[in-house]
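Have a look at the sequence and the 3D view first, then read on.

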Amino acid sequence: MNEITVLDREFSEYITEDEIQSRITAMAEKITEDLKDHDVLFFGILNGSFLFAADIFRQIKLNAQISFIKLASYEGTGSSGKIKELIGWNEDISGKTVVVLEDIVDTGSTLERIIGELTLRKASEVKICTLLFKPDAYTKDIPIDYIGFEIPNSFVVGYGLDYDGYGRNLKSIYKITK
Ligand code: IMP
């Protein structure tokens, strides 16, 4: 088993580069088939999705656009505490089919925040595509249209996903070991 250390934690290889890439090919084929004749705008959610977004977008055979948005956390002054602001919106999405590209859906809070914004901005249709999904951690009802891999509720790193900012450049996905 391929073991690695990122900062102070140990991880073992969980999803190989080949497995990731062949799953992405299959997802891209499905999206291409489902959304042919649509005017599609893909939205990669930074930072984690930058590799996934690049790899899947290259395999989408549609006349499509891609853009990136980022959720920035800052401390609110009100009782709600942390507020997440979306930055990087430049596109007019009204009337468009939007596909959100996420690296991982955990509790679903990020997704909920993004969907709210897309609805406000009047996207005609919103699809969610995530490479990884933790069903045991998910607390929302928002349906997820395209899932690469369902994984248990443990911490993973690699292929865009980080541990304290590190590990994003690993080609495989690694799971934390006890
Ligand atoms: P949410 O709980 O679905 O809103 O996920 C929030 C964010 O937490 C994700 O976009 C990731 O950036 C991060 N995250 C969740 N689980 C993991 C993990 O296992 N490894 C690395 N980042 C994670």
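Leaving aside its neighbours within four places in sequence, which residues is isoleucine 176 in contact with?

## Starting at isoleucine 176

The partners are Arg9, Glu10, Phe11 and Phe155, once neighbours up to four places away are set aside. Contact here means heavy atoms within 4.5 Å. Isoleucine 176 itself sits in strand β10, which covers residues 173–176. Helices (H or I, at least four residues) and strands (E, at least two) are DSSP runs, numbered from the N terminus.

With a relative accessible area of 24%, isoleucine 176 is partly exposed. The cut-offs go like this: buried is under 20% relative accessible area, exposed is over 50%, and partly exposed is in between, using a 1.4 Å probe and protein chains only. From isoleucine 176 to arginine 121 it is 55 residues in sequence and 38 Å in space, C-alpha to C-alpha.

## What kind of model this is

This is a predicted model, in which local features need pLDDT of at least 70 and side-chain atom pairs count only at pLDDT 80 or more, while totals for chains, interfaces and linings use all residues. Residues are numbered from 1 along each chain as its sequence is written, and side-chain values use heavy atoms, with hydrogens and water left out.

## The whole chain

The protein chain has three helices and ten strands. Reading from the N terminus, the order is β-β-α-β-α-β-β-β-α-β-β-β-β. Along its principal axes, the C-alpha trace spans about 50 × 45 × 25 Å.

How does the radius of gyration fit, and what is it for a compact globule with 178 residues? The globule would come out near 16 Å, and the protein chain has 16 Å, which agrees. That radius is taken over C-alpha atoms, and the globule rule is 2.2 Å times the number of residues to the power 0.38. Buried residues make up 44% of the 178 residues. Of the contacts between residues at least 6 apart in sequence, 65% join residues at least 24 apart.

## Two helices packing

Now find helix α1 (residues 17–34) and helix α2 (residues 50–57): they pack at an angle of about 60°, with their axes 9 Å apart. Axes are lines fitted to C-alpha atoms, for helices over the stretch in contact, and angles run from 0 to 180 degrees between N-to-C directions. That makes α1 and α2 oblique to each other. Under 35 degrees counts as roughly parallel, over 145 as roughly antiparallel, 65 to 115 as roughly perpendicular, and the rest as oblique.

Which residues do the meeting? From α1 come Gln21, Ile24, Met27, Ala28 and Ile31, and from α2 come Phe52, Asp55 and Ile56. This set divides into six nonpolar, one polar and one charged. In that sorting, Ala, Val, Leu, Ile, Met, Phe, Trp, Tyr, Cys and Pro count as nonpolar, Asp, Glu, Lys and Arg as charged, and the others, Gly among them, as polar.

Is serine 49 buried or exposed? Serine 49 counts as buried, because its relative accessibility is 0%. You'll find serine 49 in the loop between β3 (40–46) and α2. Apart from residues up to four places away, serine 49 touches Gly44, Leu101, Glu102 and Asp103.

Glutamate 102 belongs to strand β6 (residues 97–105), and at 4% relative accessible area glutamate 102 is buried too. Its contacts beyond four places in sequence include Ile45, Ser49, Phe52 and Cys129.

Lysine 70 is in strand β4 (residues 64–75) and is partly exposed at 31%. Beyond its neighbours within four places, lysine 70 is in contact with Leu46, Asn47, Glu85, Leu86 and Ile87.

Two of those partners, leucine 46 and asparagine 47, are joined by a cis peptide bond, with omega about 0°. Asparagine 47 is in the loop between β3 and α2.

## Two positive phi values

Most residues other than glycine have a negative phi, and most peptide bonds are trans. Leucine 7 has a positive phi of about 50° although it is not a glycine. Leucine 7 lies in the loop between β1 (3–6) and β2 (9–15) and is partly exposed at 47%.

Aspartate 164 also has a positive phi, near 55°. Aspartate 164 lies in the loop between β9 (156–157) and β10, and with a relative accessible area of 61% aspartate 164 is exposed.
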